[in-house]
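Subject: Structure for you to look over

Dear colleague,

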Amino acid sequence: MKKYIDQGKNDTRSGYGAAMTELGRSNPNVVALCADLVASLKIQPFIDENPDRFFQIGIAEANMMGIAAGLTIGGKIPFASTFANFATGRVYDQIRQSIAYSGKNVKICASHAGITLGEDGATHQILEDIGLMKMLPGMVVINPCDYNQTKAATLAIADYVGPVYLRFGRPKVANFTPVDQKFEIGKALMLNEGSDVTIVATGHLVWEALKAAETLEQQGVSAEVINIHTIKPLDEEAVLKSVKKTGCIVTCEEHNYLGGLGESISGLLASQHPTPQEFVATKDTFGESGTPEQLMEKYGLNNKAIENAVLRVMKRK
Amino acid sequence: MTDKELQLKSVHLRKNILKYIYMAKAGHTGGSLSCVDILNVLYNRVLNVDPHEFRKPDRDRYIQSKGHSVEALFVTLADRGFFPEADLETLCQHESHYIGHPTKKVNGIEQNTGALGHGLSIGVGEAIAAKLDGKTHRIYTLLGDGELPEGSNWEAFLSAAHYKLDNLYAILDYNKQQITGNNEEVMSLDSVRDKLESFGWAVKEVDGHNLIALEEALNKGPLVAGKPSFIIAHTVKGKGVSYMEGNIKWHHGVPTAEQYQLAMSELQEAEALI
Ligand SMILES: Cc1ncc(C[n+]2csc(CCOP(=O)(O)OP(=O)(O)O)c2C)c(N)n1
Ligand SMILES: [Mg+2]
């Protein structure tokens, strides 16, 4: 199968920060907001270079979302950033009414998504944010897989007009996307062609899917691996084309199986092309403390869990 | 317990905060050191709570809204006998209940917190419930100053005054700092006293590291009958360790071996002076 090389582990939030620095230089309309988490979001360089285009809102996320909506006046492009929990659940009605329903060009940029933020535990580990955001009409939902892709996605959403939810994380993860790869919103990336099973993954589970596909190949299983960085709008064509070939699918995400990528795909398949599917996702639970590796093992989110799901789904063809 | 013993306990609790954060290699150091004197006074002089029968209905309630300073709460509860101190050796480890924010899985903890801006509303509900049931127990909640801008706090301030909840006490850990910097740089609070008074609360300002003054403020009943009480505790983030005091780097900082030794010897010296 096609080889992917980890260019060196890095955190996806640093990809966001690096892109913000570039946007600060290239796009005078970009403004940034934060709710007392500047260091975690890696935007200090943006602030240093553009102090008049940064607004510290303090620990008041609902206010931040409303201010971001208002700031769009005159063509400004607000990037409002905080932890994923406080960027979605805490401020849902502000986003729903003042951003999504009102069609504002606000970029909601969320770090520390999912379970792998580690020791802070369940209050901070949101596993429902993709669901919350994808249900909002008109909201684009993006969950890039690594540092390079997070950077590319951040640059791309600045050029897209409309509300976007961009989700990334805290831990350092494999960085394997080509550094110059352009990010196309809504366009899935074929990473490995295969014939026995389709694995679609989002976020850093794409790397786990690639590792699983390598092991599966040694067992004689040919796995097609697709990176679905954009959960909404979903690249339906890419998914349908693949399952028509392989006849079964495993969906992988660091999110509750209710409301996540897997659910979007099962909805598509049920109506267009019923296909056996297995979900690599959390199973309707809150999180807990631990290292990213411990938590991914316990909640069945690593390459081994993906391999097992593949073996299960192939029996159901 | 004598006043001197209470003072010694504050030093002991500070040592334990550092000990377990150092072991876990994680924790909210600065905010825990800033509120631990408040917790010491609450759990050893004010709250009517029984470690062996924690759930008894007439207990006083304590809700830590600034949940990230959970290490201060853990060491205080352990010291008061709610659970064996050795449990804290698992702090922040996988499968441990002693995680980075308060959870009800730990004996003595009333409420899951961690996302800021939730504790006071729950306190308002519990204070209304106590009144409905004709109970006389009190409800205490601890807020951070960085947390104060959350709008939900101001909704709760209105409702507490509206329902005349004089069984409710909000304590502000006023260390004038948050994660990114000083409150005044991040989001200015201006006069907290004026704001709270205009919201219908009775307000008292104390030195948040003076145990006797804290006890005075917290244990004499409502500051004004028919009004909720707001105690502004002036504190220092990182209090007790010279190089941590007032340095935002220590909000989430974990000491190195050398820094740990230095902190412990400073606390040792402080203890000798009591
Ligand atoms: C709703 C919410 N937003 C952001 C955070 C992240 N956070 C944790 S502690 C903190 C700073 C808190 O400052 P303050 O209340 O002053 O606490 P202290 O100085 O006592 O540590 C922030 C932003 C959070 N836990 N909850
Ligand atoms: Mg503070």
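Predicted model: local features only at pLDDT ≥ 70, side-chain atom pairs only at ≥ 80, totals over all residues.

A:Lys42 lies in the loop between helix H2 (38-41) and helix H3 (44-49) of chain A, and it is buried, since 20 or more neighbours are needed for that and A:Lys42 has 22 other C-beta atoms within 10 Å. One further backbone feature deserves a look, namely the cis peptide bond from A:Lys232 to A:Pro233, with omega near 0°; A:Pro233 is placed in the loop between strand E12 (230-232) and helix H10 (236-246) of chain A.

Turning to the overall arrangement of chain A, the domain assignment gives domain 1 (10-173) and domain 2 (189-315), and the C-alpha centres of these two domains lie 25 Å apart. Their contact takes 26 residues from domain 1 and 29 residues from domain 2. On the domain 1 side, helix H7 (129-134), strand E6 (140-142) and helix H8 (147-159) each supply at least two of the residues that touch domain 2, and that side divides into 13 nonpolar, 9 polar and 4 charged residues.

The largest nonpolar core has 110 residues, and those with the most contacts inside it are A:Ile199 and A:Ala209. Helix H9 (residues 205-218) of chain A gives the largest share of this core, 8 residues. Because domain 1 (10-173) and domain 2 (189-315) of chain A both give residues to this core, it lies between them. A second, separate core of 70 residues includes B:Ile38, B:Ala72, B:Tyr98 and B:Trp201.

Within chain A, helix H4 (residues 61-71) and helix H6 (residues 92-100) pack at an angle of about 5°, with their axes 9 Å apart, and the two are therefore roughly parallel to each other. This contact is made by A:Ala62, A:Met65, A:Gly66 and A:Ala69 of H4 and by A:Gln94, A:Ile95, A:Ser98 and A:Ile99 of H6.

Between the chains, 23 residues of chain A are in contact with 24 residues of chain B. H4 and helix H5 (84-87) of chain A each supply at least two residues of the side of chain A that touches chain B, and this side comprises 7 nonpolar, 11 polar and 5 charged residues. B:Ile99, in the loop between helix H3 (70-79) and helix H4 (119-132) of chain B, touches A:Glu119, A:Gly121, A:Glu288, A:Ser289 and B:Cys92, again not counting residues up to four places away in sequence. With 28 C-beta neighbours inside 10 Å, B:Ile99 counts as buried.

With best wishes

Technical notes:
Residues numbered from 1 in each chain as written. Chains lettered and ligands numbered in written order. Core = buried A, V, L, I, M, F, W, Y, C linked by C-beta atoms within 7 Å. Buried ≥ 20, exposed ≤ 12 C-beta atoms within 10 Å, placed from the backbone. Helix = DSSP H or I, 4+ residues; strand = E, 2+ residues; numbered from the N terminus. Domains from an automatic or database assignment. Axes fitted to C-alpha atoms, helices over the stretch in contact; angles between N-to-C directions. Parallel < 35°, antiparallel > 145°, perpendicular 65-115°, else oblique. Contact = placed C-beta atoms within 7 Å. Nonpolar A, V, L, I, M, F, W, Y, C, P; charged D, E, K, R; others polar.
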